Amino acid sequence: MNKPATIAAMLAVATLLTATSAHAVDGCKVLLCLAGNWSNLSQCRPDVEQALRDVARGRGWPTCAMGGTSSANLQWANQANCPPFYSTYDPDTGSWSGCQYDGMVSVRVDGAPWSDLFWSSSGGPTSTRYYDQARTALGTSMDPTYDRDAAAYVPLPAPAQPDTRGDGG
């Protein structure tokens, strides 16, 4: 290979590596941001949003080797982890049909549950459930969306059961 072709190839590889790293996010920063009200922190918003976009595009969740007993783990939404006020139900059968959010990122700090971030691959608004340890540490700086949605939730009444007594009453 001649010298200009070698230089061109090296530049192409460098460009690819630069483009790839531009999309990579620091998993430790994302973990730290998710432990707070990340959507109100201008330093956090781009990294968390990029991590969520990456996952929506099939890329892996960022990791933090220095997290110790703290971690952030991604789960796709399912009936077990989707709160009832974010769940959707089939109107004909009443069975669970989905979740308003596509996934949940569970954050643990010092090995204890800290928060669960509910997110959508469309990039729409998120909602965060905070556990007692986080509530104590964060005070009023928490995202109020989850608490507001939970307080507004009114469960649907159970469907009426048919009268099986046979006496018409």
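**Close-up views of a predicted protein chain**

**Figure 1. Overview of the chain.** In the protein chain, residues 24 or more positions apart account for 45% of the contacts with a separation of 6 or more. Contact means heavy atoms within 4.5 Å. This is a predicted model, in which local features need pLDDT of at least 70, side-chain atom pairs count only at pLDDT 80 or more, and totals for chains, interfaces and linings use all residues. Residues are numbered from 1 along each chain as its sequence is written, and side-chain values use heavy atoms, with hydrogens and water left out. The chain has 5 helices and 6 strands. Their order along the sequence is α-α-α-β-β-β-β-β-β-α-α. Helices (H or I, at least four residues) and strands (E, at least two) are DSSP runs, numbered from the N terminus. Of the 169 residues, 33% count as buried. Buried means under 20% relative accessible area, exposed over 50%, and partly exposed in between (1.4 Å probe, protein chains only).

Figure 2. Rings of Phe, Tyr and Trp (its six-membered ring) pair if their centres lie within 6.5 Å; planes under 30 degrees apart count as stacked, over 60 as edge-to-face and the rest as tilted. The count comes to 9 aromatic pairs. One of them is the tilted pair of F85 and Y153, at 5.9 Å centre to centre and 50° between the planes. This pair links distant parts of the chain, 68 residues apart: F85 sits in the loop between strand 1 (71-76) and strand 2 (87-89), Y153 in the segment after helix 5 (145-152). F85 is buried, at 18% relative accessibility. Y153 is partly exposed, at 32%. The rings of F118 and Y146 are stacked, because their centres are 6.0 Å apart and their planes stand at 10°. F118 belongs to strand 5 (residues 112-119) and Y146 to helix 5, 28 residues apart. Both F118 and Y146 are buried. F85, Y86, Y101, F118, Y146 and Y153 form one aromatic cluster.

**Figure 3. Surroundings of S87.** S87 lies in strand 2. It is buried, at 12% relative accessibility. A polar atom of the S87 side chain lies 3.0 Å from the backbone oxygen of P83. For the backbone oxygen of C82, the distance to a polar atom of that side chain is 3.5 Å. Neighbours within four places in sequence aside, S87 is in contact with C82, W96, G98 and C99.

**Figure 4. Surroundings of Y130.** Y130 is in strand 6 (residues 127-130). Its relative accessibility is 4%, so Y130 counts as buried. A polar atom of its side chain lies 3.2 Å from the backbone nitrogen of D143. Leaving aside neighbours within four places in sequence, Y130 is in contact with G36, N37, W114, S115, R135, L138, M142 and D143. D116 is 14 residues from Y130 in sequence, and their C-alpha atoms are 6.7 Å apart.

**Figure 5. The second largest pocket.** A pocket, on a 1 Å grid over the protein atoms alone, is an open set of points where a 1.4 Å probe fits, with protein on both sides within 12 Å along at least five of seven lines; lining residues have an atom within 4 Å of a point. The second largest pocket has a volume of about 160 Å³. Volume here is the space filled by probe spheres set on the points, which are joined across faces, edges and corners. Its lining is W38, E49, L52, R53, S120, S121, G123, G124, P125 and T126. By class, this lining has 3 nonpolar, 5 polar and 2 charged residues. Ala, Val, Leu, Ile, Met, Phe, Trp, Tyr, Cys and Pro count as nonpolar, Asp, Glu, Lys and Arg as charged, and the others, Gly among them, as polar.

Key. A polar contact is a pair of N or O atoms within 3.5 Å; within protein, one must be able to donate a hydrogen and the other to accept it, and residues adjacent in sequence count only if both atoms are side-chain atoms.
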